[in-house]
Amino acid sequence: MTPVQTKGEVPQITFDDNDGTLQTWDVFGDDLGFDIVDSITNTAPFHISPSAPDFALYVASDGAIGFGTDTPDANSWVDIRSSFFVNGLLAVRDDSGPHYLRVETAAGVFRSGVQGYGDAQFGALTSGKGLNLLAGGTTKLVMNSTGQISFGSTPSAISTHALLHSSGANLTLAGVWTNASSRALKQDIEPITSEQARQTVRALQPVGFRYKNELDERYVGFIAEDVPELVATHDRKGLAPMDITAVLTKVVQDQDKLLEKERNRNDRLETTVDRQQQLIDSLSKRLAVLERKSERVK
């Protein structure tokens, strides 16, 4: 390989393999930066041409570095591009020790990598600092330093919940799941009828079962495909416990009303019986008085 030095507007050194394999590299620089270019596929002159894609390494005058580009992204100090490889960045450590990417500011430290036993690690390393995950350009999940999580299209501020969705559904710190149920979230609100509730409860078929991916635990419940329409989900693959609770509540309320009527009826019957007993007692006393008078007359 013979290095050839050229001078001119853009100082350049060319490394040319003369064995006919067309392996030629240009190293050159100017007031914009420093380049290492595959000059065989990079047919355009120098790095100033927008049609020159094959920049193996470019160092801009402000310190920004480009791999595969001579125009590093304005928001990045290191810009790596490739249309030939699908594995992205690669960092290899030969032993089994931890291997990390670390980004640090005065306020906190972020770390992403592989721990010594092979598990991945990603997040805030600084005590008291949390983690924000973005999707579509905005924050979708927030985790604070104590492990509390808020997520959704616009995550709500973390307060006293272990897990909080932007819909209002949450898992309390005690481990109780609470459905989102505010009137503000609902429409087409109408009461279910007693007949709907009774028919639904009668049609429910409680079963015992094990989940195929958890054979060591047994559950009782319902089969989503078999429940009545009133409590079925659209795809009939899951169930909302509150739906079944609602129809059971309606049936219990109706039964309570019937029991209350029966209690009132029994109370009235008891009152009638008490009055009849009082009348019998009164008549018995009068009869006894008459019998005593009759004995004296004899």
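Biologist: How many aromatic pairs does a search of the whole structure find?

Modeller: There are 4 of them. Keep in mind that this is a predicted model. One of the pairs is F110 with F122, in an edge-to-face arrangement, 5.1 Å centre to centre and with 85 degrees between the planes.

Biologist: Which strands do F110 and F122 lie in?

Modeller: F110 is in strand 9 (residues 109-114) and F122 is in strand 10 (residues 120-124), so the pair ties together parts that are 12 residues apart in sequence.

Biologist: And how accessible is F110? What about F122?

Modeller: F110 has 24% relative accessibility, so it counts as partly exposed. F122 is at 49% and also counts as partly exposed; the cut-off for exposed is over 50%.

Biologist: OK, what about Y211 and Y219, how are their rings arranged?

Modeller: Y211 and Y219 are edge-to-face, 5.3 Å centre to centre, with 70 degrees between the planes. Y211 is partly exposed, with a relative accessible area of 43%, and Y219 is partly exposed at 29%. Together with F209, these two tyrosines form one aromatic cluster.

Biologist: Which ring does the charged end of R111 sit over?

Modeller: That of Y100: the charged end is 3.8 Å from the ring centre.

Biologist: Strands 13 and 14, parallel or antiparallel?

Modeller: Parallel: 3 bridges join strand 13 (residues 149-151) to strand 14 (residues 161-165). S150 stands opposite L164 there.

Biologist: And strand 14 with strand 15, parallel or antiparallel?

Modeller: Antiparallel, again through 3 bridges, with strand 15 covering residues 170-172. L163 has L171 as its bridge partner. The two strands make a hairpin with 4 residues between them, and G168 in the turn has a positive phi of about 110 degrees.

Biologist: How does the lining divide into nonpolar, polar and charged?

Modeller: The lining has 10 nonpolar residues, 6 polar and 5 charged.

Methods: Residues numbered from 1 in each chain as written. Predicted model: local features only at pLDDT ≥ 70, side-chain atom pairs only at ≥ 80, totals over all residues. Heavy atoms only, no water. Nonpolar A, V, L, I, M, F, W, Y, C, P; charged D, E, K, R; others polar. Pairing = 2+ DSSP bridges. Phe/Tyr/Trp six-rings, centres within 6.5 Å; stacked < 30°, edge-to-face > 60°. Buried < 20%, exposed > 50% of the residue type's maximum accessible area, 1.4 Å probe, protein only. Lys NZ or Arg CZ within 6 Å of the ring centre and 35° of its normal.
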